[in-house]
Amino acid sequence: MDLKLDPSRDDLPLMANTSHILVKHYVLDLNVDFESQIIEGNIVLFFESGNRFEKQSGSTKETLQSESSEACRFRMPEPCHSPGTDTRTFSPKTGYNDFAICGKGEKDTSGKDGNHDNPEQASGISSSTYCCDTGNHRNEEFLLVLDCCDLSVLKVEEVDVAAVPGVEKFTKSPKLTVVSEELRNQIVHELVTLPADRWREQLDYYAGCSQAPGCGELLFDTDTWSLQIRKTGAQTATDFPHAIRIWYSTKPQGRSVTWTSDQSGRPCVYTIGSPINNRALFPCQEPPVAMSTWQATVRAAASFVVLMSGENSAKPTQLQEGCTSWHYYVTMPMPASTFTIAVGSWTEMKPEICLSKGLAAERSLSPSETDSRYVGICGHMEYPCRFQNPSATTQEIIPHRVFAPLCLQDACQETLLHLIPPCLSAAHSVLGTHPFSRLDILIVPANFPSLGMASPHIIFLSQSVLTGTSHLCGTRLCHEIAHAWFGLAIGARDWTEEWLSEGFATHLEDVFWAAAQQLAPHEAQEQQELKACLRWLRLQDEVRNSPQEMQLLRPNKEKTGHVSDSGSSVIKHGLNPEKVFMQVHYLKDFLQLLLENIPEEKRLELSVENIFRDWLESSGIPQPLQRERQAGAECGLARQVSAEVEKWIRVNRRPRKRKRREAEEVFEKLLPDQLVLLLEHLLEQKTLTARTLHSLEKTYHLPQQDAEVRHRWCELIVKHKYTKAYRDVERFLQEDQAMGVYLYGELMLGEDARQQQVARRCFELTKEQMDRSSAEVVAEMLL
């Protein structure tokens, strides 16, 4: 595969050579410092090479092609005080571990640590890199390539796992007298292949090995997208150390880590795994085939709460005055991109009234409770699987916690807390056993670039879902809960195929929400048809206003899932900031059409080939969907909206002074989705008077509705230059940043000086905190 690693390109490279060697477990030991906006510490990686990696002949010759032709860029290990094996000592002065690291506190210089920020220096790894010539013309050496970006890598060393007490049980020798590379790798092999019922013992040994002393520094270099490591004399993946420690620190502007303030003005940090996944949080293997487990110890000032993807509901451990430590672990192998962390002054929100049913159903089940009586056979790799745990199958509501800034306590009580049990129960009633044993839900800061994000054991929700009625909050919560199955427990083999997770989750959010509301079948059908109508309008709009290449759900077509011999690949359009705002992956929801709306005789004509061709690999709207929408009758809820639209059109046409005998229009009460549809239709009207807009605002209390409704209301304000309500637009742009990017474009396109002033003023107030991709798109609009 020919990878041109130009950082300005549209595609995102996945550099890790996962076909040769795989990370099986990560152990992170990190410190979070809000003053410097840096996370630093170390990560220990445990590898496994197997038969499929050994198929490379003798030594690894396949490589990532690049424009670089330099013979050798690796720097030799520099003299450095080796960090102690106890990494938990705390310095009250700095709030960090008191370990000594080369270059700590110094400015990052690309010439010294190999972390090249200059694109000309970061063109990639040439084939000659595999046989770097240092003067003795040695044989070719194995090169470990990890995905890495925006990190300062300080040192890489092999870990002496043989020094850990008790590891002799993993060898054939009762006593470890002569320790070799082969013996260390044997220990790691036995450790990573322990059976699932020994998960606790395995985690303990991982922790012990991660604190073992180093036994030799390794050669390394970094470029824009990767960290490359080799050991002198190690010619194959089998020879390469299977446990290594990397000392590093993040950068304040790293694209995987967002430093910001919460709604109370307190500092916080969170990771979003997008658009470059987690490579700016820790060096890792990013391709989805690289499934691993992890455990992490994170230290921060005592006033902060650390939340993370983990099976345990971690509690803080007091270290020294002013500092606490949090520990999380995961035993289900997952892609590194799903690792999520959030540190802030969060407050746990607890419901005022606890239902007995909820308490009974929320008994925590740990992996150790796995029953030997399997209730089914899973085809995945071995781990403590809840689907094989009879007790877990009846657990409708998993244990859950809700965190948010204290200032949002009332909003959480009114809108969110009472929705979680019925939504979890609804998901269980449809799909059965919850894949994960517990759940944390965090209300993230205003600059979070979407309405929600699901990760193992943790869901991020935007503050935008807390306004208005419970409808938007409930549907979004159901959507993120659905990702526990589709996107996390089941995922794509190619990161370009978001439709697999988003399509299923979009379909299931309607199903779950109907069950959570305990709707009668006909009511559920009506609401789902109304939602389908809204998605149809949104899809049409997106197709009209986006590039064709961005509309493809399977952009790599027949090459989907293809990688180079090393395992490297690219994410199509992964670096395009506009991709974040595309909704087509959610909206081409062909599954509902396929399973519910197409008659059997038509369904039989479908094939995998034409689904790929018509739905996934073509831009625009698929013909079957167009025919279905054009032939379908309007649902009852949509017909009710159409009637209300006609009333408003009549109101808008009336002169200011009405005749006395003209009756006042009586407007029906509408559901939130009906309000959205009403405003969508009214946006099609060429002119709406200020009097009509004022009446709309008062009739439906639009500024107090949920974010979906208020977004359409703001569009009407902008389109018709309704200056009296510009305050609603300004509020939306600042408080609902996940949805406000489109409005900036509308404010600028009208070429109205006052509207452009509103856009520029709001951007100035928010740009420092705004999500990077959003800021890039908005800045371009304002030019």
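Of the 783 residues in the protein chain, 58% are buried. The model is predicted. Its secondary structure comes to 24 helices and 24 strands. Among contacts between residues at least 6 apart in sequence, 75% join residues at least 24 apart.

The average pLDDT is 80, and 73% of the residues score at least 70. Two stretches stay under 50. For residues 51-138, where pLDDT is under 50, the model has 198 contacts beyond four places in sequence. Residues 368-374 also stay under 50, and the model has 12 such contacts for them.

An open sheet is formed by 5 strands in the order S19-S20-S21-S23-S22, with mixed pairing. Its edges are strand S19 (347-349) and strand S22 (452-455), each of which pairs on one side only. From one strand to the next, the twist averages 25°. Within this sheet, strand S20 (residues 400-404) and strand S21 (residues 439-443) are parallel and share 4 bridges. His400 stands opposite Leu439 of S21. In general, strands of a sheet pair through backbone hydrogen bonds, in either the parallel or the antiparallel sense.

Helices pack on this sheet. Helix H7 (residues 409-416) touches S19, S20, S21 and strand S23 (458-461). The direction of H7 makes about 125° with that of S21. Helix H9 (residues 471-482) lies across S21, S22 and S23. The angle between H9 and S23 is about 150°.

Strand S12 (residues 257-261) has 4 of its 5 residues buried, so S12 is largely enclosed by the rest of the structure. Strand S13 (residues 267-271) runs antiparallel to S12, and 5 bridges join the two. Trp259 has Val269 of S13 as its bridge partner. The hairpin has 5 residues between its strands, and Gly265 takes a positive phi near 85°.

Asn447 links several of these regions by contact. Asn447 sits in the loop between S21 and S22. Its relative accessible area is 3%, and Asn447 is buried. Beyond its neighbours within four places in sequence, Asn447 is in contact with Thr258, Thr260, Tyr270, Gln737, Gln769, Met770 and Asp771.

With ring centres within 6.5 Å as the cut-off, the count comes to 19 aromatic pairs. Trp713 and Tyr722 are both buried. Another pair is Tyr744 and Phe763. Here the ring centres are 6.3 Å apart and the planes stand at 80°, so this pair too is edge-to-face. Tyr744 belongs to helix H22 (residues 741-749) and Phe763 to helix H23 (residues 753-766), so the pair ties together parts that are 19 residues apart in sequence. Both Tyr744 and Phe763 are buried. Elsewhere, one aromatic cluster is formed by Tyr26, Phe282, Trp294 and Phe339.

Glu780 is placed in helix H24 (residues 772-782). Its relative accessible area is 56%, and Glu780 is exposed. From C-alpha to C-alpha, Glu780 and Gly745 are 9.6 Å apart in space. In sequence, Glu780 and Gly745 are 35 residues apart.

Definitions and conventions:
Residues numbered from 1 in each chain as written. Predicted model: local features only at pLDDT ≥ 70, side-chain atom pairs only at ≥ 80, totals over all residues. Heavy atoms only, no water. Phe/Tyr/Trp six-rings, centres within 6.5 Å; stacked < 30°, edge-to-face > 60°. Buried < 20%, exposed > 50% of the residue type's maximum accessible area, 1.4 Å probe, protein only. Pairing = 2+ DSSP bridges. pLDDT = per-residue confidence, 0-100. Contact = heavy atoms within 4.5 Å. Axes fitted to C-alpha atoms, helices over the stretch in contact; angles between N-to-C directions.
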